[in-house]
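This report covers the charged side chains of one protein and how they pair. The structure comes before the text.

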Amino acid sequence: MIPPRPVRTARRTSIDLDAYDDAALVTAHLAGPTADRMAAFAALMRRHKQPLYRLILAQIGDPDEALDLLQDSFVAAHAALSRYDRDRSLRAWLARIAINKCRDWHRRRRVRHMLARVLPIEAGERVADGAADTETHAIDRDDLARTLADIARLPAPLREPLLLCTIHELSQAEAAQALGISVKAVETRIRRARAALAATA
């Protein structure tokens, strides 16, 4: 049900919009004039930002990253609001968006961690930084698939020690024992494997 239009005053306060329920605010955002749309969405953000922030923080455990993901969640919600079913809970809908953002964050972190361990040291440091041009050098499933394909193409004597020491986190001594070669050979082969991966990057 569309609420009665608030009486315009010289200075509009947020109190009139804060009295609306979520569905009414969504309607005001989608159907009203530009100023009303912005004010309605701002009211939705004020209402839901704290519980949404707590949800995100509990998922990822990093306060600064949680603030970024909160902003990303509201940007995504704003873009998709026309598809929101006003008969359902907006809080649950926003929570689903936030959880998906958290899943993406965890996936990117796993990919960065994996690539930082496998790639040559210089490239690994850039990957682990995460702040290095994230817009243009975003690491996603395609990057991971490409790196795994490059690793798979390495000859077994180079591939095996690299995977044992980076993915399976064995020490070089343990990898040497598993492969029946010397520790020095493990070190040399890992260095050669990383150089080969750098050449294909």
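## Salt bridges between helices

Arg-46 is partly exposed, at a relative accessible area of 37% (buried is under 20%, exposed over 50%, partly exposed in between; 1.4 Å probe, protein chains only). Arg-46 forms a salt bridge with Asp-18, with 2.9 Å between the closest N and O atoms; the term requires a side-chain nitrogen of Lys or Arg within 4 Å of a carboxyl oxygen of Asp or Glu. The two residues are 28 apart in the chain, Asp-18 in helix H1 (residues 15-18) and Arg-46 in helix H3 (residues 34-60). Helices are DSSP runs of H or I with at least four residues, and strands are E runs of at least two, numbered from the N terminus.

Arg-47 and Asp-22 also meet in a salt bridge, at 2.7 Å from N to O. This pair links helix H3 to helix H2 (residues 22-31) across 25 residues. Arg-47 is partly exposed at 29%, whereas Asp-22 is buried at 19%.

## Salt bridge within a helix

Asp-150 and Arg-153 form a salt bridge at 2.4 Å, N to O. Both lie in helix H7 (residues 141-153), three residues apart. Asp-150 is buried at 14%; Arg-153 is exposed at 61%.

## Overall content and basis

The whole structure holds three salt bridges. The protein has ten helices and zero strands, and 34% of its 201 residues are buried.

The model is predicted: local features need pLDDT of at least 70 and side-chain atom pairs 80 or more, while totals for chains, interfaces and linings use all residues. Residues are numbered from 1 along each chain as its sequence is written, and side-chain values use heavy atoms, leaving out hydrogens and water.
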